[in-house]
Number of protein chains: 2
Amino acid sequence: MNTVKDFQILINEAVARLDFPLQPVELYEPITYIMSIGGKRMRPVLLLMACELFGGDAGQAVQPALAIEVFHNFSLVHDDIMDKAPLRRGKATVHEKWNQNIAILSGDVMLVEAYKLMMQVDDHLLRPVLNIFSNTAVGVCEGQQFDMNFEQTIHVSNEEYLNMIRLKTAVLLGCALKIGALIGGASEQDAELLCQFGERLGVAFQLQDDILDVYGNPEKFGKQVGGDIIANKKTYLLIKALELAQDKQANQLNYWLNAGDFANAEKVNAVTRIYNDLNIKAHAEQAMQQCTDEAFEALSKIQLSDERKQYLRDFADSLMVREN
Amino acid sequence: MNTVKDFQILINEAVARLDFPLQPVELYEPITYIMSIGGKRMRPVLLLMACELFGGDAGQAVQPALAIEVFHNFSLVHDDIMDKAPLRRGKATVHEKWNQNIAILSGDVMLVEAYKLMMQVDDHLLRPVLNIFSNTAVGVCEGQQFDMNFEQTIHVSNEEYLNMIRLKTAVLLGCALKIGALIGGASEQDAELLCQFGERLGVAFQLQDDILDVYGNPEKFGKQVGGDIIANKKTYLLIKALELAQDKQANQLNYWLNAGDFANAEKVNAVTRIYNDLNIKAHAEQAMQQCTDEAFEALSKIQLSDERKQYLRDFADSLMVREN
């Protein structure tokens with residue numbers, strides 16, 4: 001098996017080779033820009049990895065892997081408009097660097113280009129691969145809509161929240177693994193199990209992010225600890241706290257959720273204290289553990305050698321113990 | 001052959017049967033809304049017509065025809081955001097009725113849904129049909145970008161203008177005809193000729209629109225005559241006038257293009273007088289005639305009975321003598 005690093009190199013080279021028309025420059029420059037500022041390219045790596053796990057040649061799966069990355073970047077460009085985000089990976093977002101119309105339209109072209117790249121599979125895989133991809137694409141859009149809705153909604157259940165993060169972030173991981181597995185020659189059943197593995201792990205990963213945002217080591221976490229608390233972001237932790245808090249704790253929590261003027265550190269400390277009193281971290285860790293268990297349960301059913309399953313377990317572990 | 005009316009009924013019924021998930025309602029309601037406010041559904045009709053012309057069963061082509069209509073509506077929803085248009089077909093645009101984020105995201109889903117519908121063709125057509133569709137989709141986005149660029153550009157040539165309207169409006173007509181022809185069993189060569197026929201006719205149709213905006217009968221045209229002149233819209237007529245005007249005429253034209261405060265009727269009359277002096281209407285009609293000739297030239301090369309070609313000629317004539 002190639003290493004994650006090897007797969008990343010394959011993808012980086014393919015991104016560098018992406019060749020768009022010169023005109024209209026306003027349409028294609030943003031695509032080259034957003035693709036070049038990178039990130040870890042975890043999704044296309046997963047596709048290549050899945051392909052090789054089932055005995056396929058990762059080199060033959062580079063274009064579909066690139067499709068996943070182009071799609072992911074399309075969703076970032078449009079989400080950044082909706083979220084009015086000025087920065088992405090430390091650089092100006094497309095709508096900031098150019099303008100909103102250009103961000104809408106170059107995003108649209110990226111979605112089409114993702115389909116063109118995804119079509120570069122053997123004929124017998126074309127229909128199943130595109131079906132998976134289309135259903136995933138719709139799911140990602142649904143996830144973004146639910147996420148925006150939740151900002152305006154007073155009561156969100158953790159069931160709704162888990163479904164939202166599944167759609168918004170996890171289904172694309174599952175999709176990458178499933179398509180890679182099919183290209184590598186996996187049976188439909190094994191490909192679907194690997195999809196489940198990725199999806200459950202993706203949800204666990206997001207829950208870990210929610211936990212780290214409150215309980216992470218600020219030096220290792222890389223983001224401001226307590227950012228979600230300051231912004232009243234409806235994470236698993238806040239939703240659980242709202243569900244469990246009673247009487248005085250409920251009043252305190254609502255006080256901080258509605259406070260207009262506050263010192264950030266004071267709010268973070270006060271809300272964290274409520275979380276501690278309610279044992280919220282343990283609840284969130286339990287939910288995360290359940291997702292991880294489900295992921296490994298799916299993995300255990302796949303027809304693959306123990307050595308290859310270990311490769312996936314190690315990879316999953318490397319994601320789950322991150323920076324804490 | 002079925003009539004245009006028959007094809008419209010087929011499409012209207014299929015639109016009415018379109019069934020989207022209930023949740024998130026903010027994502028799917030706008031799609032049902034924009035699809036239901038209709039228009040003439042000329043593009044899907046063209047697809048069904050082309051299918052039947054080559055002996056296919058139009059009933060088998062309804063889903064791909066619907067794909068063309070969903071794609072067209074996706075492009076309208078996103079274009080309306082970019083153009084800040086409050087109305088579409090006399091009703092509130094999606095970003096006005098809901099909000100901009102919803103318009104971006106439901107547009108995105110429509111593009112994916114268009115692919116899902118377009119995939120409902122026989123296996124042997126899946127790849128060629130999706131290639132045509134993807135290339136057309138990119139072309140439509142390029143056309144919209146060129147159109148936005150031209151608003152900010154002082155010098156636009158008529159060659160650039162003709163390419164822009166070809167991309168923005170004509171390629172989708174050609175795409176509909178080509179895909180319909182392939183589904184109907186046409187050879188690749190005949191399908192491509194029919195594509196050319198539709199594309200050239202589409203450009204001619206847009207040029208006719210430019211002419212009617214200045215010279216149309218206000219009672220029959222249905223839009224404000226002179227609207228393009230009032231808005232300084234870079235149409236074939238204005239670009240040609242800027243190319244031909246010299247000395248006093250050039251000064252007058254520039255005066256009106258830069259006038260900040262004017263009575264609409266006065267500007268329309270003055271610019272129309274310059275157009276008349278420069279014989280602009282005849283130039284535009286010549287360009288339109290050339291496109292129509294090219295369309296019929298392509299049609300003449302198609303392996304179809306004279307009777308069927310006559311059907312297409314009659315249809316084209318019905319478009320080209322419209323309301324004037």
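Predicted model: local features only at pLDDT ≥ 70, side-chain atom pairs only at ≥ 80, totals over all residues.

User: What is the omega of the peptide bond from A:Q23 to A:P24?

Analyst: In chain A, the proline A:P24 belongs to the loop that joins α1 (4-17) and α2 (25-36). The bond from A:Q23 to A:P24 is cis, and its omega is near -10°.

User: Is B:R89 buried or exposed?

Analyst: B:R89 is placed in the loop between β1 (87-88) and β2 (91-92) of chain B, and its phi is positive, about 50°, although the residue is not a glycine. Burial is judged here from the count of other C-beta atoms within 10 Å, where 12 or fewer make a residue exposed. Because B:R89 has 10 C-beta neighbours inside 10 Å, it counts as exposed.

User: What is the phi of A:R89?

Analyst: A:R89 lies in the loop between β1 (87-88) and β2 (91-92) of chain A. With 10 other C-beta atoms within 10 Å, A:R89 is exposed. Its phi is positive in a residue other than glycine, with a value near 50°.

User: Which element gives the most to the side of chain B that touches chain A?

Analyst: The contact between the chains takes 30 residues from chain B and 30 residues from chain A. On the side of chain B, the elements that give two or more residues are α2 (25-36), α4 (62-82), α6 (100-118) and α7 (123-152). The residues on that side divide into 18 nonpolar, six polar and six charged. The element that gives the most, with 14 residues, is α7(B).

User: How many residues of α6(B) are buried?

Analyst: α6(B) has 19 residues and reaches 27 Å from its first C-alpha to its last, close to the 27 Å expected at 1.5 Å a residue. A residue counts as buried if 20 or more other C-beta atoms lie within 10 Å of its own. By that criterion α6(B) is mostly covered, and the number of its 19 residues that are buried is 17.

User: Which element gives the largest share of the side of domain 1 of chain A that touches domain 2 of chain A?

Analyst: Chain A is divided into domain 1 (1-184) and domain 2 (187-324), and 23 Å separate the centres of the two, taken over C-alpha atoms. In the contact, 22 residues of domain 1 meet 20 residues of domain 2, and the domain 1 side divides into 17 nonpolar, three polar and two charged residues. The elements that give two or more residues to this side are α3 (42-53) and α8 (158-184) of chain A. The largest share, 15 residues, comes from α8(A).

User: On which residue is the kink in α8(A) centred?

Analyst: The 27 residues of α8(A) should span 39 Å at 1.5 Å a residue, and the end C-alpha atoms are 36 Å apart, which agrees. The helix is mostly covered, with 22 of its 27 residues buried, and α8(A) is followed by A:G185, whose phi is positive, near 105°. Within α8(A) there is a kink of about 50°, and the residue on which it is centred is A:A170.

Terms used
Residues numbered from 1 in each chain as written. Chains lettered and ligands numbered in written order. Contact = placed C-beta atoms within 7 Å. Helix = DSSP H or I, 4+ residues; strand = E, 2+ residues; numbered from the N terminus. Nonpolar A, V, L, I, M, F, W, Y, C, P; charged D, E, K, R; others polar. Domains from an automatic or database assignment. Expected span 1.5 Å × (residues − 1). Bend = angle between axes of the 7 residues up to and from the residue.
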